[in-house]
Amino acid sequence: MTSAAQATRVLIRGGLVYDHDGDVHQPARADILIVGDRIERIGANLPPDGAQIVEAAGKLVAPGFVNAHYHSHDVMAKGLFEEMPFDIWTLHSNPANYGPRSQEEVRLRTLIGAAESLRNGITTIQDFLTLVPQDEATLDTVLAAYEEAGIRVVFAVAARDRAALDIAPFMLASLPEAVRKRIAGSDRKASDELDFVARQIKRRGIHPTPRQTWALAPSAPQRCSPELLEGIAALSRQHGLPVFTHVYETRIQAAAARKQGVDPSLLDVLARAGLMNERLNIVHGVWLTQSDIAQIVEAGARVVHNPISNLKLKSGVAPILDLNRAGVEIALGCDNYSCAETQNIFIAMRMLCLLPAVTNPEPGPITAAYALKAATISGARAVGLGDQIGALKPGMVADLMILKLDDPAFVPFNSAARQLVFSESGRAVETVLVGGRIVVRDGKLTTIDEAALRAEADTIAPVFRRDAKALAARNADLTAPLLDANREAWKVPLDIERYIGRRKD
Ligand SMILES: [Zn+2]
């Protein structure tokens, strides 16, 4: 953080300033004075006093979005897959199946994801990264690329010590052992996973840069031993770090937990490890039951909703209305490129608002203004920065976007909240600031040469495509057994439904 004496000053002049607690349809016009990385004042006709002026007349100023769920490991897989249910997609996208990537590719993919995010008004990313190779050089390349882009990142190294696919309990007994082994993968040691994460936090510090902090990311309760989950819980307590973990993303995961019987509740597994608390973020939660939801409320944990990937991987529709009714706070994520193709919170907000209609025809509480809170202040709380970002208020860090109101999405301008959620797609985002620094101006990044990035992508993409093609060829004979297992899993009765109008024959 820069001291006020030498701090840069930016005055955003004359914009309509979106305030969660004000008129969300016709926000009041105001100036925003930023000193260093913080909003100093918001008010009418603030004196420039040597500040750099950003003219915002006829424009809307909104808090930057927090993307509370993202994995940067497969940016290069954008557009490669479709029509793959979850476990088949996992086989095709799991970074462990690709082997180590070059440092050039790691840097490039991190920059491409950060660039699209910033262009779409995302100022904070929670990157839940499977590092391959899991070494310090690769981690440093990723953090350096985020710093180069100028985006805020809450970084987590994905940890798992059980390699088996979630669908493994449903593989047919008749499957040859060799095929079963290929699907199972190789387990890792809990202590190796824990030591690596703990060492990196110590080596790089709790704030590797002013824009970077840490989170912890056990991949999923069923993919981690109790030892690994307990170790993560201890690190979370020690450093006060948020924890993200995939829970009940698919029907198969819920059915597998029931079938195995030992730990019928994945939330109980988390509770026994000491993870069910206010720092926990349940990612996806499509197949949560009412009692699971009550347990989340009791713990003060949150849910990160990823509507794009939930539908693209055919996982079903998350119980948003039930979660909201119970009082669970919901943040938003865009998930990874191989299963969502875009980092765009405008689309995630729109789906958050529209999907409840598949189960309930009554007017409900998931309004556009609610979606904007989910995308900003709820996301900020999820990543542990609730007192820093997510709202435009004096004292908050200046992470924000300025949108052109002459864009067709806002003509005529009837409601900031509704048009941000239902009309805008990212096209009107003109300027973006992260920590008071302008990182997008006139719709272009100031930190990265986007033409050079594209040229580099053209060079490196064929290498990744070649590897993806080779992997798909290796996986070809596994697809049918996995689809068979999928159908087996459907036979396990669950007392909840997350699809509608599904033919049962
Ligand atoms: Zn994920």
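**Close-up views of a predicted model**

**View 1. Ring pairs link W287, W490 and Y499 into a cluster.** Rings of Phe, Tyr and Trp (for Trp, its six-membered ring) count as a pair if their centres lie within 6.5 Å; planes under 30 degrees apart are called stacked, over 60 edge-to-face, and the rest tilted. A search of the whole structure finds eight such aromatic pairs. The model is predicted: local features need pLDDT of at least 70 and side-chain atom pairs pLDDT 80 or more, whereas totals for chains, interfaces and linings use all residues. Residues are numbered from 1 along each chain as its sequence is written, and side-chain values use heavy atoms, with hydrogens and water left out.

**View 2. F86 and W89 form a tilted aromatic pair.** The ring centres lie 5.6 Å apart, with 50° between the planes. Both residues belong to helix α1 (residues 86-93), where they are three residues apart and thus separated by about one helical turn. Helices (H or I, at least four residues) and strands (E, at least two) are DSSP runs, numbered from the N terminus. F86 is buried, at 7% relative accessible area, and W89 is buried at 9%. Buried means under 20% relative accessible area, exposed over 50%, and partly exposed in between (1.4 Å probe, protein chains only).

**View 3. Y98 and F464 form a stacked pair.** This pair is stacked because the ring centres are 5.0 Å apart and the planes meet at 10°. Y98 lies in the loop between α1 and α2 (103-119), and F464 in helix α16 (residues 450-475), so that the pair links parts of the chain 366 residues apart. Both Y98 and F464 are buried.

**View 4. Twelve of the 17 residues of helix α2 are buried.** Among them are E105, V106, L108 and R109. The expected span of a helix is 1.5 Å times one less than its number of residues. For α2 this gives 24 Å, which agrees with the 24 Å between its end C-alpha atoms. After α2 comes G121, whose phi is positive, near 80°.

**View 5. The lining of the largest pocket includes T90, N94, P95, A96 and R160, which lie nearest its centre.** A pocket is an open set of points on a 1 Å grid over the protein atoms alone, where a 1.4 Å probe fits, with protein on both sides within 12 Å along at least five of seven lines; lining residues have an atom within 4 Å of a point. The lining comprises 45 residues, and its largest share, six residues, comes from α1.
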